[in-house]
Amino acid sequence: MTELLTETLVQEPHRIRGLEMPWNRVMGSSEGPASAARALGPWHPQEFTAECVEIVAEVGGMMTFVFRRSDGAPLAFRAGQYVNVAFPVNGEDQDPADRSYSLSSAPTRPWTFDITVKRDPTGLVSPWVHQNIKPGTVLEMLGPVGAFHLPDVDRRARYLLLAAGAGITPIMSMVRTIHSLPGQADVVVLYHGAADEGFAFNKELAHIASVDSRIKVFYSLGNRAKPADWEGLSGRLTAAMLDEVAPDANGRQVYACGPEGYLNTATELLGKVGVDDTSIHMEFFTGDRQTILEYQAELAHAADIAEEIAEEIAESAEDYYESQPAAFGLYEPGYDAEGTLQATGLELESAEPDLTGPEAFDGGADAGAEVSTPDASSFETVGTGSLTLSFMRTGINVRVDPSEHILGPAQRAGVRIGANCKEGMCGSCKIVKLSGDVEMNHQGGIRAREIDAGKFLPCCSTALTDMVIDA
């Protein structure tokens, strides 16, 4: 009996070839039962509210927050994507702070979704999140967004997943997704951390690796001295380390997420071990990689879809967070002229600020006060483009070319505009146009109501006409 049991435990499962996401086969369906499953496809980003239903403490100063959509619909996304969340860190009478967080849960479990936040003691948002978000808290979100994700179908499904620090969150979504799906796959995870007790999800990763022969997990302590009982790798990422964990790396699709320095090193080393650029996928937020073009193409595709169903869904759009097609009648949320109707259920505790009125975007000025408008014709004019941007607070006219993003020429001319990601994701460069038109290709850094109020992101916007700008 013991021998029989041993043979049964070590026998490899017989699987179908490759991996296929559950929504892939219904993407072209329009009739029959398959049409209902279209709502579980990650079609486009939308704005929605979500209620926190659970908090899970992770190691390494991280916390996982489990949410469900307030309208009762599933959140459809691809493993590796993120959502943009509006946090009312400055109180209900101030604009929220928008931050993008990768989804760490698997899209194969769409009725709830997780974001995992690492606490930065010097940061504005993450300490507030750890202290204030509780079960019952409701937040505004936009998503899903991002071109960094697993493919919908992959007949080879051979992956090398690289993570450093908090970069484990989208990688964890990928691991959980692959583990939940049938099919052949060969996955190697290499996870760098700063301390042996700081590897988030380590117990779950160990369990998955122990029961799923398709997935192997390796840990490295980075540049730290390893404890006496440490059985993993040590040292920063090197070509030798890549060869050790994945000697066939040049035959794998590589997904990597972590600090910019780590990703730059990974790019260089992957080239040295023979991995082609087309097989490398990275979660960069610094504007220097092909990912930007992928985001823009994805956003354009999302805009086409959104236009087709605009009359069937509530007003949607900030940073990449969306709703489901109307074809999914069973779970489809209700809508009226004001937008999405909240599903029936337990009363929710709202933590979101009311930013729907004009006072939300007045910069704190007295709405009743008369403000004298300077004459832009008296401003100094710089630049050589065909269009003129008048920056009223700075007192300067900037000539720009219609093909260039507004942020660069404005900053060079001395206009003070804060900017971090410079890809339309973080929303830090948000300013108000008083007149004129722009074409904006953002990545989730601005919400529909803000656009309606005249705000735009100069980092990802080009001018279509002469403009007057409140900056």
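A residue is called buried here when its relative accessible area is under 20%, exposed when that area is over 50%, and partly exposed in between, with a 1.4 Å probe and protein chains only. The model is predicted, so that local features need pLDDT of at least 70 and side-chain atom pairs count only at pLDDT 80 or more, while totals for chains, interfaces and linings use all residues. Residues are numbered from 1 along each chain as its sequence is written, and side-chain values use heavy atoms, with hydrogens and water left out.

Helices (H or I, at least four residues) and strands (E, at least two) are DSSP runs numbered from the N terminus, and two strands pair if DSSP finds at least two bridges between them. On these terms, five strands form an open sheet with parallel pairing, in the order S11-S10-S9-S12-S13. Strand S11 (215–220) and strand S13 (280–282) are the edge strands, each pairing on one side only. From one strand to the next the twist averages 15°, where axes are lines fitted to C-alpha atoms, for helices over the stretch in contact, and angles run from 0 to 180 degrees between N-to-C directions.

Strand S9 (residues 158–164) runs parallel to strand S12 (residues 253–257) and is joined to it by five bridges; Tyr 159 has Gln 253 as its bridge partner in S12. Helix H3 (residues 168–180) packs on the sheet, where it touches S9, strand S10 (186–192), S11 and S12, and its direction makes about 150° with that of S9. Helix H6 (residues 260–272) also packs on the sheet, touching S9, S10, S12 and S13, with a direction at about 145° to that of S9; contact means heavy atoms within 4.5 Å.

S9, H3 and S10 make a right-handed β-α-β unit, meaning that, with the strands pointing away from the viewer, the path from the first strand over the helix to the second runs clockwise.

Why is S9 largely enclosed by the rest of the structure? Seven of the seven residues of S9 are buried, and the strand is therefore largely enclosed. In a regular strand the side chains alternate between the two faces of the sheet. Arg 158, Leu 160, Leu 162 and Ala 164 point one way from S9, whereas Tyr 159, Leu 161 and Ala 163 point the other way.

A nonpolar core is a set of buried Ala, Val, Leu, Ile, Met, Phe, Trp, Tyr and Cys residues joined through side-chain atoms within 4.5 Å. The largest such core has 34 residues, of which Tyr 159, Leu 161 and Ile 171 touch the most other members. S9, H3, S10, helix H4 (202–211), S11 and S12 are the elements that give two or more residues to this core, and its largest share, six residues, comes from H3. Leaving out residues up to four places away in sequence, Tyr 159 touches, among others, Leu 19, Ile 178, Val 188 and Tyr 255.

Elsewhere, Thr 64 lies in strand S3 (residues 62–69) and, at 3% relative accessibility, counts as buried. The side chains of Thr 64 and Glu 58 are joined by a polar contact of 2.9 Å, that is, a pair of N or O atoms within 3.5 Å, of which, within protein, one must be able to donate a hydrogen and the other to accept it, residues adjacent in sequence counting only if both atoms are side-chain atoms.
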